[in-house]
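Please take a moment to look over the structure shown below, and then follow the paragraphs that come after it.

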Amino acid sequence: MKQFPEYFTLWHIAGHYALRVFAFLVLFFLMMPILVMMPLSFNAEPFFTFTEGMLSLDPDAYSLRWYQEIVDDQKWRLAIWNSFVVGIAAAFIATTLGTLAAVGLASPWMPYKRLITALLLSPMIVPLIIIAAGMFFFYTQFNLVGTYTGLIIAHAALGVPFVIITVTATLSGFDRTLFVAGLSLGASPVKVFWDVVIPLIRPGVISGGLFAFVTSFDEVVLVLFLAGPEQRTIPRQMFSGLREQINPTILAVATLLVVLSAALLFTLEFLRRRSVRMGGAG
Amino acid sequence: MTDIAPGLIPADARNAAREVRKRKLQAFLFVTPLLVFVIFAFVAPITTMLYRSIHNPTVANLIPDTLVALGDWSGEEIPDDTVLIQFAADMKRMANDRTSGQLADEINRALPGMSSVVKSTARSLRRVDDTEIATNGAALLIEANDRWADPATWSAVKAAGQAYSTSYYLTSVDLERGPDGNIVQRDTQIYVKLYTKTLRMALIITVLTILLGYPLAFYMAHASDSMANFLMVFVLLPFWTSLLVRTTAWIALLQTNGVVNSTLLAIGITDQPLELLYTQFSTILAMTHILLPFMVLPLYAVMRGIDQSYMRAAMSMGSKPLGAWYKIYLPMSLPGLSAGALLVFIISVGYYITPALVGGTDGQMISNIIAFHMQQSNNWELAAALGSLLLVLILVLYWLFDRFVGTDNIKLG
Amino acid sequence: MKKHLTLLAALALTASPLAAQDLTVTSFGGAYGAAQKEHMIDPFVAETGMNILFEDYGGGIAEMKAQVEAGNIQWDVVDVEVIDLERACSEGYLEIIDQSVLPAGDDGTPAAEDFIPDALANECGVGNIVWSIVFAYNTENGPGPQTIADFFDTEAFPGKRGLRKRPQVNMEWALIADGVAPEDVYEVLSTDEGQAQAFAKLDTIKEDIVWYDSWSQAPVLLNDGGAQMVQSANGRIFAAIQEGSPFAIGWDSHVYDLDVWAIMRGTPNMDAAMEFIKFATQTVPLSGMQDVAYGPTRASAQALLPESVKQDLPTAHLDKGLKADGIFWADFGESLGEKFNEWLLQ
């Protein structure tokens, strides 16, 4: 039994428990849709709802047929492949350029810092539909619509703000005297950058890269406007599935994606703790 | 630059200034590759869209000669035969290149109903002999459709022929230029209503996320560390889960034979499945769910730093909990609240995917109509104008955010 | 870490497990798409070894228009409803097809005589099926509507109506339900008053309409109770009935139409696209469309159909039907489409 301060009346205590119940209800609201959806993906019937057999835990009512369907369907295989190719390439571009830029932005000498930061962060704020329309108009002129290159460039631009934010956060906890110490020992700035700065900000770089990857991996609006049939990604395939014929294959894909995001979440949490241990801010 | 360090001799000051310039350049060089990339990949596209909203050269490119001939037309009666003959020749050419449809679309936007006139005229002139058109083009044109004898038709052609025009902006606020050049209301009023509805839905979603998110963040912020970390997983897991996945989950829950309806039927609350999916209700519900973590995370970050002893002190001196919360805690948690609220509001105003999938017809927001004009009606200029207005709206909100919260305060995870 | 990433990126970009596609064929998916895959795509792939990406779309010309106007052709061959064909062709989104190279029927009849006249009426397409837009209902909910007037009668037949979200067919049905004779429908619809009349009639059931985007959704709506009655392509309902669904088709005032195979204008794969169309419109592949109760467009393919199937084909019900007017929709598709969407948002 929890100890309450003596000035607490019965109402205070009731309020305390009401708050706790409410908080748990909200958490339930957050998790429930995902938790309900996952078992439905093992439905043996082509429905989106629990059958009698599923409720009575009859093993025959459960099956892996929708997972088998993902494996068998050429379109899903292509979509999975595309999502990883585009996501990794976009994250690579965003992380490389973004890390360099974050180092520049962290310098006290950086001119127009506020303006440039706002500009580099703006892809995060501008609605995707506007970005998609603009890119469709502009990329068409360079024949980039319907190509991998176009989609990768577009997704890289979306990932940039996340890299800037995470790397800047790590750099703000970075002790600049280390840089000076390195220089005073006679190392070149480039060498100091590679041997001192990069190892220290690595957790920030990796989590920025993960953010950029997830951004691309989850993105569908730009794909709708910029990708051709050959560049369909997982979310794009899900989008058309939801619009046209709903069947539990989508639930199976969704379940796999939940597992993937859980894995990413724990990776990031691990990185954050490591970064805290190493003296940077996560 | 000369007053960097007063008291230095000029030569040293110059050296110092040079050093500062060098360091500035160095810092800037680090940023340059990304800046160039973002300008190409992101800024130029947005600029193109802004430009597109006022620039549409389609008609000017299709019938340049007719437009030149129309240049000194008075606008009062039917243009000269030279204009009509030139236009008839242009129509024949377009019918054979199969570009008359583009002209029909454009003129139809200036004067609704012209689409069929242009297309049927093109069809009837398609196989007429060139010399016949050169001599008798004007009569053939009017014979094909007598609306070519109406000056209003030619005003529409002339208006559509202008490469630069603000008409798309007028349309996007439900206005148009009347025949006498005055700006009047359009017959159908949709876009202003849609902007209002979008803002109203975004506001409802923001309020709902506050109502749900604030108590949750409060509870978590003042729970023990291990409890808070454990509960945080249940906020972060949905946050990290794909948007499409969460929308899919809501479709599974809300559809006619879905989990919610079967449960309600089974426990006898209703005897008819409720119509939950494809409504404004489902859009707001799903978006509240999707955006709730954006409210909880900044609130939690701020509340975690609030010392509860002030509240306790007030309460131990007899203040009611709600009173103490209102006077002491709320002002201290306000930075988190405003960050979360503005973030949720900005994101919801531009939302596209969830309304598109669960919104039906009455859950559609402004982004959906932009997508509609991009993909279905192919009225790209109108889409650009609507998008530009939305962009202005977002930038104003972003500016407010920067002013009151500061973009430095954006934290992830 | 950078090295790893570079390596991954390089691998990713060079070593795709799926060979480049030779041809992208786009059609309507669902049961119809499955029949096309079985009788046209798969045999073609087996014969030529080409790699085909078989895509779905919801119909309409918007996507073709976007591809052509942006100069970025992503589809090669596309299945087009004739209701959209005239417009797509006259606006320049499709290639003109040389119909003289089409192979003769299996019984030796030259193509020009073997195809029914409507199948080759437009220079941009080669007829693929005769199909029809019908209404259908779930028989488990008691007696369903028998006429289009019933379909618009929400008192006698309460419940949701699933309609495809576009003006085509809905406008025609609204006028017929309002008492306009089928042969006058397009004439009335070309006037402002006629259009207003159609929208007024649609207004009477607007609250009860569930709009859908793609033909494959119609049987799903009937099945999961999202709608009591739907507008549908006849083959989708036929396929569902074959699988045991308790559906019934109403043939009153059905709007029949053809689908054609057409080629996107400016496709880089013109030759392969033409090879595919030549293959897919032969006698045997066409006769396979009976799987979904769509009539083949060649006399020689019709001859292959068993008597029992013919009752379910649109051709057995032409007396009750209305022929979809592609030319009308070429002229009015754009303007009515805009009015329709403004009406939807009101």
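In chain C, the C-alpha centres of domain 1 and domain 2 lie 25 Å apart, the domain bounds being those of an automatic or database domain assignment. That assignment gives domain 1 of chain C as 20-129 + 258-313 and domain 2 of chain C as 132-256 + 323-345. This is a predicted model, in which local features need pLDDT of at least 70 and side-chain atom pairs count only at pLDDT 80 or more, while totals for chains, interfaces and linings use all residues. Residues are numbered from 1 along each chain as its sequence is written, and chains are lettered from A and ligands numbered from 1 in the order in which they are written.

The contact between these two domains takes 18 residues from domain 1 of chain C and 17 residues from domain 2 of chain C, where two residues are in contact if their C-beta atoms, placed from the backbone, lie within 7 Å. On the side of domain 1 of chain C that touches domain 2 of chain C, helix H2 (30-48) and helix H4 (82-90) of chain C each supply at least two residues, and H4(C) gives the most, with seven residues. Here helices (H or I, at least four residues) and strands (E, at least two) are DSSP runs, numbered from the N terminus. By class, this side of domain 1 of chain C has nine nonpolar, five polar and four charged residues; Ala, Val, Leu, Ile, Met, Phe, Trp, Tyr, Cys and Pro count as nonpolar, Asp, Glu, Lys and Arg as charged, and the others, Gly among them, as polar.

We can now turn to the contacts between chains. In chain B, 25 residues are in contact with 21 residues of chain C, and helix H5 (100-110) and helix H6 (114-125) of chain B each supply at least two residues of the side that touches chain C. H5(B) gives the most to that side, with five residues, and the side of chain B that touches chain C has three nonpolar, 18 polar and four charged residues.

Chain B also meets chain A, with 74 residues of chain B in contact with 80 residues of chain A. The largest share of the side of chain B that touches chain A, 20 residues, comes from helix H1 (residues 10-52) of chain B, and the residues of this side divide into 54 nonpolar, 15 polar and five charged.

Chain A itself is divided into domain 1 (1-32), domain 2 (41-71) and domain 3 (73-277). The C-alpha centres of domain 2 and domain 3 of chain A lie 36 Å apart, and their contact takes eight residues from domain 2 of chain A and 10 residues from domain 3 of chain A.
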